[in-house]
Amino acid sequence: MVTSNPALESPSGEELWLSSPFTDNPGELAFNFVILYDLEQLVQHPTRIPDSLGDTPNILDFFLTSNPLAYAVTLSSPLGSSDHNLISVSCPISPIPPQDPPKRRCLWRFTSARWGDLKRYYADFSWNDYCFRVRDLSVCAERITEVIVYGME
């Protein structure tokens, strides 16, 4: 079935999507999906090589993405007697940063805590010298956490 979506039409009036002059209903639904989700087709060159007189090269392979700059597409000659070009899509994967080892979990019994000693420890601690002299807020937060945990231990 030929569609009537003007977005699928070439300037000459013939419909073109993925270098095809005809788009059926499932093709139009796919096209609308691509538009709705702002996707891009990575494979831009025909992947099927015409093997009969009158055939035209077609893009038969979808690779849709919302981040086209993250991928590299390579088209190579067909293997054996295939009439399809070989497609390779690669995406460099950045290494996963190592995670910190799990923190030791502590159980504090607040009913047996010596609250007066903890209060004196926090009051006497030189917060400005250890925690607040650094400019990096993350380091400052880590140091405050260290002081609080050390006092509780």
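Two residues are in contact when heavy atoms of one lie within 4.5 Å of heavy atoms of the other. Keep that in mind for the tour.

**Stop 1: the whole chain**

Show the whole protein chain. This is a predicted model. Take the contacts with a separation of 6 or more: residues 24 or more positions apart account for 38% of them.

Now switch to a cartoon view. The chain has four helices and four strands. Follow the chain along its sequence, and the pattern reads α-β-β-β-β-α-α-α.

Next, show the surface. The accessible surface comes to about 12,000 Å². Carbon and sulfur atoms hold 57% of that area. Of the 153 residues in the chain, 17% are buried.

**Stop 2: colour by confidence**

Colour the model by pLDDT. The chain averages 75, and 73% of the residues score at least 70. Select residues 1-16. Here the pLDDT is below 50. Beyond near neighbours in sequence, this stretch still has 35 contacts in the model. Where pLDDT is low, the predicted coordinates should not be read in detail.

Compare the elements next. Helix H3, residues 127-130, has the highest mean pLDDT, at 88. H1 has the lowest among the elements, at 81.

**Stop 3**

Select residues 25-36, which form helix H1. Pick leucine 36, a residue of this helix. Is leucine 36 buried or exposed? Leucine 36 is exposed, because its relative accessible area is 63%, above the 50% cut-off.

**Stop 4**

Move on to aspartate 38. This residue sits in the loop between H1 and strand E1, residues 40-41. Aspartate 38 is exposed, at 62% relative accessibility.

Which residues does aspartate 38 contact, leaving aside neighbours within four places in sequence? Select Thr65 and Ser66: aspartate 38 is in contact with both. Then select asparagine 67. Aspartate 38 and asparagine 67 are 29 residues apart in sequence. In space, their C-alpha atoms are 9.8 Å apart.

**Stop 5: helix H2 and its charges**

Select residues 115-124, helix H2. Show the side chains of aspartate 117 and arginine 120. Both lie in this helix, three residues apart, which is about one turn. The two form a salt bridge, with the closest N and O atoms 2.6 Å apart.

Arginine 114 is exposed, at 64% relative accessibility. Arginine 120 is partly exposed, at 48%. Aspartate 117 is partly exposed too, at 35%.

**Stop 6: one more salt bridge**

Select aspartate 129 and arginine 133. These residues form a salt bridge, and the closest N and O atoms are 3.0 Å apart. Aspartate 129 is partly exposed, at 47% relative accessibility. Arginine 133 is exposed, at 62%.

Salt bridges with shared partners join Arg114, Asp117 and Arg120 into one network. How many salt bridges are there in the model? The count comes to three.

**Stop 7: two cysteines**

Finish with cysteine 131 and cysteine 140. Draw a distance line between their sulfur atoms. The gap is 6.1 Å. The disulfide count comes to zero.

Turn the surface on again and look for this pair. Cysteine 131 is buried, at 0% relative accessibility. Cysteine 140 is buried as well, because its 11% is under the 20% cut-off.

Note on methods:
Residues are numbered from 1 along each chain as its sequence is written. This is a predicted model: local features need pLDDT of at least 70, side-chain atom pairs count only at pLDDT 80 or more; totals for chains, interfaces and linings use all residues. Side-chain values use heavy atoms; hydrogens and water are left out. Helices (H or I, at least four residues) and strands (E, at least two) are DSSP runs, numbered from the N terminus. Buried means under 20% relative accessible area, exposed over 50%, partly exposed in between (1.4 Å probe, protein chains only). Accessible areas come from the Shrake-Rupley method with a 1.4 Å probe; for residues, only the protein chains shown count as cover. pLDDT is the predictor's confidence in each residue, from 0 to 100. A disulfide is a pair of cysteine sulfur atoms within 2.5 Å. A salt bridge is a side-chain nitrogen of Lys or Arg within 4 Å of a carboxyl oxygen of Asp or Glu.
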